[in-house]
Amino acid sequence: MPRCGACWPRRAARVRGLRARDQPSPRHLARIGRGGRPHPVRPACYPPRRVPLPQEGRPPTSRNEAEATLRMIADIRAYSEVVNPTASPRRDARRNHERLLAEARVLFGERGIDAPLDELATRAGVGAGTVYRHFPTRDALIRELYDTAVGDLHDFAPEIVGAETGWRAIELWLERLGAWVAESPYLPAVMRRMAELDPDYKPGAEFADTMDGIVARAKSEGALREDVTAVDLGVLVDMLGSIGQYGGAYLPYWRRQLTVVLDGLRARPDLTPLPGAGQSFDAFHDMSHAKGPKAAPTG
């Protein structure tokens with residue numbers, strides 16, 4: 001018969017407490033059990049009564065007491081960040097995520113977008129498992145780098161669009177975006193990969209009307225030559241950004257090329273007309289995402 005850990009010690013104590021003359025005979029003991037009662041079919045014990053946990057039962061304090069405690073806290077959100085055990089892991093996860101993105105930009109700029117992700121983990125100071133928790137695949141990482149770059153364009157837009165004149169908007173356009181591309185050597189490869197992964201994904205197309213509006217404004221002021229288009233300015237941004245291929249050593253000097261470009265854009269009577277018509281924005285978008293060396297076909 002199975003022995004119950006809760007009942008058996010009590011039965012044994014009762015048996016030990018009996019006087020010798022009161023102890024039952026072996027035959028009687030075998031029939032009624034050592035505790036003086038017939039053997040039950042199963043151990044005569046039940047699990048202890050379940051005590052409700054604090055969150056399942058009544059709160060230890062009244063509602064008025066809880067509200068009074070909260071009124072004593074100046075900043076409840078700050079307090080919740082301190083007492084919430086999951087707040088710190090969330091902050092750590094955000095920090096790891098941003099660190100991985102920052103190190104990926106540097107690594108991909110140096111070694112290309114096919115660089116080992118184990119090296120990314122080493123540079124970011126995290127384990128390989130952390131990399132794959134944040135970015136299950138390399139393509140997921142590349143997509144987020146691309147979307148972050150589109151977010152950067154949104155951040156530039158208010159300053160450029162809000163410039164005091166159309167010409168100043170042109171200057172800011174070339175200056176801010178040219179420097180951004182020059183400082184982001186990873187970007188062309190990311191754009192190419194995104195064009196392969198999702199050819200119909202073109203978030204940059206939303207800026208087409210804004211770019212056309214800036215060009216029209218500068219022309220209406222008589223500051224920008226009439227034969228320049230928004231696509232021409234986009235190509236000039238890429239040209240200025242290509243200075244980044246020389247590394248950081250040349251970045252202090254890139255404004256020399258910017259000045260030459262701006263002088264060529266100014267309206268004046270002795271300009272040489274630009275040959276032919278400009279490229280359409282859609283064609284430029286597809287071309288800019290496909291630029292760079294192509295893989296040699298395998299025979």
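Tutor: A residue is called buried when its relative accessible area is under 20%, exposed when that area is over 50%, and partly exposed in between (1.4 Å probe, protein chains only). Helices (DSSP runs of H or I, at least four residues) and strands (E, at least two) are numbered from the N terminus. Helix H9 is mostly covered, with 15 of its 17 residues buried. The model is a predicted one, in which local features need pLDDT of at least 70 and side-chain atom pairs count only at pLDDT 80 or more, while totals for chains, interfaces and linings use all residues. Residues are numbered from 1 along each chain as its sequence is written, and side-chain values use heavy atoms, with hydrogens and water left out.

Student: How many helices and strands does the protein chain contain?

Tutor: The protein chain has 14 helices and zero strands. Of its 299 residues, 30% count as buried.

Student: What span should H9 have, and what is the distance between its end C-alpha atoms?

Tutor: The expected span of a helix is 1.5 Å times one less than its number of residues. For the 17 residues of H9 this gives 24 Å, and the end C-alpha atoms are 24 Å apart, so the two values agree.

Student: Which residues are in contact with Asn96, leaving aside its neighbours within four places in sequence?

Tutor: Contact means heavy atoms within 4.5 Å. Asn96 is found in helix H5 (residues 87-111), and with those neighbours left aside it touches Val126, Thr130 and His134. Asn96 counts as buried because its relative accessibility is 19%. Across the protein chain, 70% of the contacts between residues at least 6 apart in sequence join residues at least 24 apart.

Student: Which feature does UniProt place at residues 116-135?

Tutor: UniProt positions are given in the numbering used here, feature names are shortened, and annotations may be inferred rather than shown by experiment. The unreviewed UniProt entry places the feature "DNA-binding region" at residues 116-135. In the model, this stretch is 75% helix and 0% strand, with its end C-alpha atoms 14 Å apart.

Student: How should I read a salt bridge, and how many salt bridges are there?

Tutor: Side chains of opposite charge can pair when their charged atoms come close. The rule used here asks for a side-chain nitrogen of Lys or Arg within 4 Å of a carboxyl oxygen of Asp or Glu. By this rule there are 16 salt bridges. One of them joins Glu119 to Arg111, with the closest N and O atoms 2.1 Å apart. Glu119 is partly exposed because its relative accessibility is 21%, and Arg111 is partly exposed at 48%. Both residues belong to a network of salt bridges that links Glu110, Arg111, Glu119 and Arg123.

Student: Which parts of the chain does the salt bridge between Arg193 and Asp114 tie together?

Tutor: Arg193 and Asp114 have their closest N and O atoms 3.2 Å apart. Arg193 lies in helix H10 (residues 187-197) and Asp114 in the loop between H5 and helix H6 (117-124), so the pair ties together parts that are 79 residues apart in sequence. Arg193 counts as buried at 17% relative accessibility, whereas Asp114 is exposed at 55%.

Student: Where in the chain do Arg255 and Glu175 lie?

Tutor: Arg255 forms a salt bridge with Glu175, the closest N and O atoms being 2.7 Å apart. The pair links distant parts of the chain, with Arg255 in helix H13 (residues 255-265) and Glu175 in helix H9 (residues 166-182), 80 residues apart. Arg255 is partly exposed, with a relative accessible area of 44%, and Glu175 is buried at 15%.

Student: How many aromatic pairs does a search of the whole structure find?

Tutor: A pair of aromatic rings is described by the distance of the centres and the angle of the planes. Rings of Phe, Tyr and Trp (its six-membered ring) pair if their centres lie within 6.5 Å; planes under 30 degrees apart count as stacked, over 60 as edge-to-face and the rest as tilted. The search finds two aromatic pairs. The rings of Tyr146 and Tyr201 have their centres 6.0 Å apart and their planes at 55°, so this pair is tilted. Tyr146 lies in helix H8 (residues 138-161) and Tyr201 in the loop between H10 and helix H11 (208-220), 55 residues apart. Tyr146 is buried at 5% relative accessible area, while Tyr201 is partly exposed at 28%. Phe156 and Trp180 form an edge-to-face pair, at 6.0 Å centre to centre and 70° between the planes.
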